[in-house]
Amino acid sequence: MPSSAPRALPQSLALPFAGADSHAHLDDERLLPQLADVLSRAALSGVSLIVHVFLTHERYAANARFILDTAAASCPAPDICFIRGLHPEDVPRADEEEWEHLVEAVRSDPLIRAIGEIGLDAHYEEGFSPSALQEPWFRRQLRLARELDKPVVIHSRDAWERTFQILDEEGMSGRPLLWHCFGGDAEQAARILDNGWHIALGGAATFKANAALREAARIIPLDRLMFETDCPYLAPMPWRGKLNEPAFTVFTAACIAGERGMDPAELWTAAGQNARRFFGM
Ligand SMILES: [Zn+2]
């Protein structure tokens, strides 16, 4: 038997043009040069909305117009909106000027629909981004979100308890919050849901070893679930290890639909509606 069967293309899942990739880094240096093709493949695969993440003023200033112009010139193309924030990896390089740019952008650009991705990442703790720096920037951005009444998108890696503690101290329970790239189990998912928050699942949910994550996916109410790529990272099966792009969101949705015993088109559409509602599109 041939062992190198071609991988399924995202279009072959034939999902309706109603889903969303709720977390994409389109300004990656490998995706940006082929952005028109990336956007049309997404649209032809059923992705009707892409939430793009801007992490520094430099990249926002350089690429926001280009991304919007490219989408406007493509047909079909997904709708695009932005989130903007200081990632825990970037805070050591942040200064007051960077902060002023962030506040100005969030206040004045109507396409910036949330503050994110913000949070804590113990992976960067050793070496260059100590928690003594990460935590004050995280709190400052949470307070800005409250002040401007914006949703937040959370990045939390190996910092589960501390992230919860800060979110609690900053009064975020019950406020619009999306837990990006959720990688926990059903108990952890329940804790997020109990606070009224949303959960986004990425390609890791399709990996064979992550059965506990798929079990968690089964308990997420239909109106609290989103799908994302976090592209260019973490492509889902059957494209694991390759360059990820928004079109591949469909594989994660189809995998979780199978896990929940649901029609993939129904889950895809519901999760897309959740993203549109959450990001005010
Ligand atoms: Zn990200």
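This is a predicted model: local features need pLDDT of at least 70, side-chain atom pairs count only at pLDDT 80 or more; totals for chains, interfaces and linings use all residues.
I count two residues as in contact if their C-beta atoms, placed from the backbone, lie within 7 Å. Leaving aside neighbours within four places in sequence, I found Trp179 in contact with Ile154, Ile192, Trp197, His198, Ile199 and Ala200.

**Entry: the core**

Next I asked which residues touch the most other members of the largest nonpolar core. That core has 80 residues, and the ones I noted are Val51, Val152, Leu178, Trp179, Ile199, Ala200 and Ala271.

**Entry: the whole chain**

I then stepped back to the overall fold. I see nine helices and eight strands in the protein. The radius of gyration is 18 Å, close to the 19 Å from the globule rule for 281 residues, so the protein is as compact as a globular protein of that length. Along the principal axes, the C-alpha atoms fill a box of roughly 55 × 45 × 35 Å. Buried residues account for 45% of the 281. I also checked contacts between residues at least 6 apart in sequence: 77% of them join residues at least 24 apart.

For Ala20, the bridge partner in β2 is Leu49. Is β1 enclosed or open to the outside? Six of its six residues are buried, so β1 is largely enclosed by the rest of the structure.

**Entry: helix α8**

I tested the length of α8 (residues 249-260) next. At 1.5 Å a residue, its twelve residues should span 16 Å, and the end C-alpha atoms are 17 Å apart, which agrees. Within α8, I noted Thr249, Val250, Phe251, Thr252, Ala253, Ala254, Cys255 and Ile256 as buried. Just after this helix, Gly261 takes a positive phi of about 65°.

Where are the cis peptide bonds I wrote down? One joins Cys75 and Pro76, with omega about 0°; Pro76 sits in the loop between α2 (57-73) and β3 (79-84). Another runs from Gly116 to Glu117, with omega near -5°, and Glu117 belongs to strand β4 (residues 112-121).

Cys181 has a phi of about 55° and lies in the loop between β6 (177-179) and α6 (186-194). Is Cys181 buried or exposed? Cys181 is buried, with 23 other C-beta atoms within 10 Å. Leu234 has a positive phi too, near 55°, and is found in the loop between β8 and α8. I count Leu234 as buried because it has 20 C-beta neighbours inside 10 Å, and the cut-off for buried is 20 or more.

Definitions and conventions
Residues are numbered from 1 along each chain as its sequence is written. Helices (H or I, at least four residues) and strands (E, at least two) are DSSP runs, numbered from the N terminus. The radius of gyration is taken over C-alpha atoms; the globule rule is 2.2 Å times the number of residues to the power 0.38. A residue is buried if 20 or more other C-beta atoms lie within 10 Å of its own, exposed if 12 or fewer, and partly exposed in between; C-beta atoms are placed from the backbone. The expected span of a helix is 1.5 Å times one less than its number of residues. A nonpolar core is a set of buried Ala, Val, Leu, Ile, Met, Phe, Trp, Tyr and Cys residues joined through C-beta atoms within 7 Å. Two strands pair if DSSP finds at least two bridges between them.
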